[in-house]
Amino acid sequence: MEIIDFYLSPKREYWLNKIRLCEWRAGAYLCQLIDNEQFYSVLGESSRLLLLTEGDKLLSFCALTERDQVDTELTPWIGFVYTFPEARGRRIMGRLINEASHIAAGRGFDTLWLTTDHVGLYEKYGFEFVCMMKEYSGEETRIYKKKTSKE
């Protein structure tokens, strides 16, 4: 398995087509941001899109961003977290979360933030529930945090 930075890959169009196979509404939004060249303007200039691959197969992806779907000064965020069904149950998302954590720590951040409606999923990866916040859409979302690590 290998972690690839989408925007540093010479095969961006190939990987974007793999992301498009995701049946998740947020995955479609991510593709829209990429297609419209809005990834950085919406999520922040230092944002990264990390792909966990096995050969030419996309197993999982997530973004490390400056901003997320809540109005707050908290940063950085892990978002667009998705593992394809055939790769689930192996806890491979932990590799991407660790990579995002290392990147954030290298930038001087000691906390990584996450919004989700999942309960019990991200705790497996060291996230702790903090509070509920309203998204820009007005819906409530769960806010989690995790200490970053350089290891």
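Residues are classed here by relative accessible area: buried means under 20%, exposed over 50%, and partly exposed in between, with a 1.4 Å probe and protein chains only. By this rule Asp35 is partly exposed, with a relative accessible area of 42%. The structure is a predicted model, in which local features need pLDDT of at least 70 and side-chain atom pairs count only at pLDDT 80 or more, while totals for chains, interfaces and linings use all residues. Residues are numbered from 1 along each chain as its sequence is written, and side-chain values use heavy atoms, with hydrogens and water left out.

Side chains of opposite charge can pair when their charged atoms come close. Arg20 belongs to helix 1 and Asp35 to helix 2, so the pair ties together parts that are 15 residues apart in sequence. Helices (H or I, at least four residues) and strands (E, at least two) are DSSP runs, numbered from the N terminus. Arg20 is partly exposed, at 36%.

Lys11 also forms a salt bridge, with Asp56; the closest N and O atoms are 2.8 Å apart. This pair links distant parts of the chain, 45 residues apart. Lys11 sits in the loop between strand 1 (2–5) and helix 1 (12–20), and Asp56 in the loop between strand 2 (48–54) and strand 3 (57–65). Lys11 is partly exposed at 33% relative accessibility. Asp56 is partly exposed as well, at 47%. In a further salt bridge, Glu140 pairs with Lys134, with 3.3 Å between the closest N and O atoms. Glu140 is partly exposed at 42%, whereas Lys134 counts as exposed at 52%.

The largest pocket has a volume of about 1200 Å³. Its lining comprises 38 residues, and those closest to the centre are Trp24, Ala26, Gln69, Phe80 and Thr115. Elements that give two or more residues to this lining include helix 2 (25–35) and strand 5 (111–116). Strand 4 gives the most, with six residues.

How values were computed: On a 1 Å grid over the protein atoms alone, a cavity is a set of points where a 1.4 Å probe fits but cannot get out, and a pocket is an open set with protein on both sides within 12 Å along at least five of seven lines; lining residues have an atom within 4 Å of a point. Grid points are joined across faces, edges and corners, and a volume is the space filled by probe spheres set on the points. A salt bridge is a side-chain nitrogen of Lys or Arg within 4 Å of a carboxyl oxygen of Asp or Glu.
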